[in-house]
Amino acid sequence: MDVMALLSGTATSIELLKTVKEIKENQEYNAAVVALNDSLYSVSKELISLQSLYAQALKEKGELEERLGKMEHWEADKERYEMQEIFTGAFAYALKPSMKGEEPEHYLCANCYTDGKKSILQPGQLKGYKIRTHSCPRCKNVFPTMSRGRN
Ligand SMILES: [Zn+2]
């Protein structure tokens, strides 16, 4: 083997070694890219899941704030009323004398009042009788109301 052939063979071997090294690096690079894509896919799935949970939490927060606002309003409003016996054994809530202003006289259903709901009793009459009643449009309680001082 002459020197030129030896040098040429060595150069070829070095080039082949570089190519093998590049192939190996490309395979590692490709494997790293695949692993990175898998990781990004997992992260994006988690992100979508978290966004859904966040949207649900925001919705529930809004609903709770609305309920809290109504409860606070009711807590203030209910203090304006006091229980009265509007007929023997029939109780309802009426405006306290100090709270009567421009509002027309009305009664709140005691049952609904206890449930934290403001339900204004509506006047009526028992069918077939000349007995005046008040009924609750919410819980459907009906009771006679020959209120004291009135007929
Ligand atoms: Zn009621």
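Good morning. The mean pLDDT of the protein chain is 90, and 95% of its residues reach 70 or more. Please keep in mind that this is a predicted model.

Let me turn to the overall layout. The domain assignment divides the protein chain into domain 1, residues 1-78, and domain 2, residues 80-144. Taken over C-alpha atoms, the centres of domain 1 and domain 2 are separated by 64 Å. How many residues does each domain bring to the contact? Domain 1 supplies four residues, and domain 2 supplies five residues. On the side of domain 1 that touches domain 2, two residues are nonpolar, two are charged and none is polar.

I now move to the strands. Strand 1 covers residues 81-87, and six bridges join it to strand 2 in an antiparallel arrangement. Two of the pairings can be named: Tyr81 stands opposite Leu95 in strand 2, and Glu82 stands opposite Ala94 in strand 2. What do strand 1 and strand 2 form? They form a hairpin, with two residues between them. In the turn, Gly89 has a positive phi of about 80°.

Strand 2 also pairs with strand 3, again in the antiparallel sense, over three bridges. Here Tyr93 has Leu108 of strand 3 as its bridge partner.

Next, the interior. As a general point, nonpolar side chains in soluble globular proteins tend to be buried together. In this model, the largest nonpolar core has 11 residues. Among them are Ile86, Ala92, Tyr93, Ala94, Tyr107, Leu108 and Cys136. Which elements give two or more residues to this core? They are strand 2, at residues 90-95, strand 3, at residues 107-109, and helix 2, at residues 110-114.

Finally, I would like to look at Tyr93, a member of that core. Which residues is Tyr93 in contact with, once its neighbours within four places in sequence are left aside? They are Tyr81, Glu82, Met83, Tyr107, Leu108, Ala110 and Tyr113. Of these contacts, Tyr107, Leu108, Ala110 and Tyr113 also belong to the largest nonpolar core.

Thank you for your attention.

Conventions. Residues are numbered from 1 along each chain as its sequence is written. Domain bounds come from an automatic or database domain assignment. Two residues are in contact if their C-beta atoms, placed from the backbone, lie within 7 Å. Ala, Val, Leu, Ile, Met, Phe, Trp, Tyr, Cys and Pro count as nonpolar, Asp, Glu, Lys and Arg as charged, and the others, Gly among them, as polar. A nonpolar core is a set of buried Ala, Val, Leu, Ile, Met, Phe, Trp, Tyr and Cys residues joined through C-beta atoms within 7 Å. A residue is buried if 20 or more other C-beta atoms lie within 10 Å of its own, exposed if 12 or fewer, and partly exposed in between; C-beta atoms are placed from the backbone. Helices (H or I, at least four residues) and strands (E, at least two) are DSSP runs, numbered from the N terminus. Two strands pair if DSSP finds at least two bridges between them. pLDDT is the predictor's confidence in each residue, from 0 to 100.
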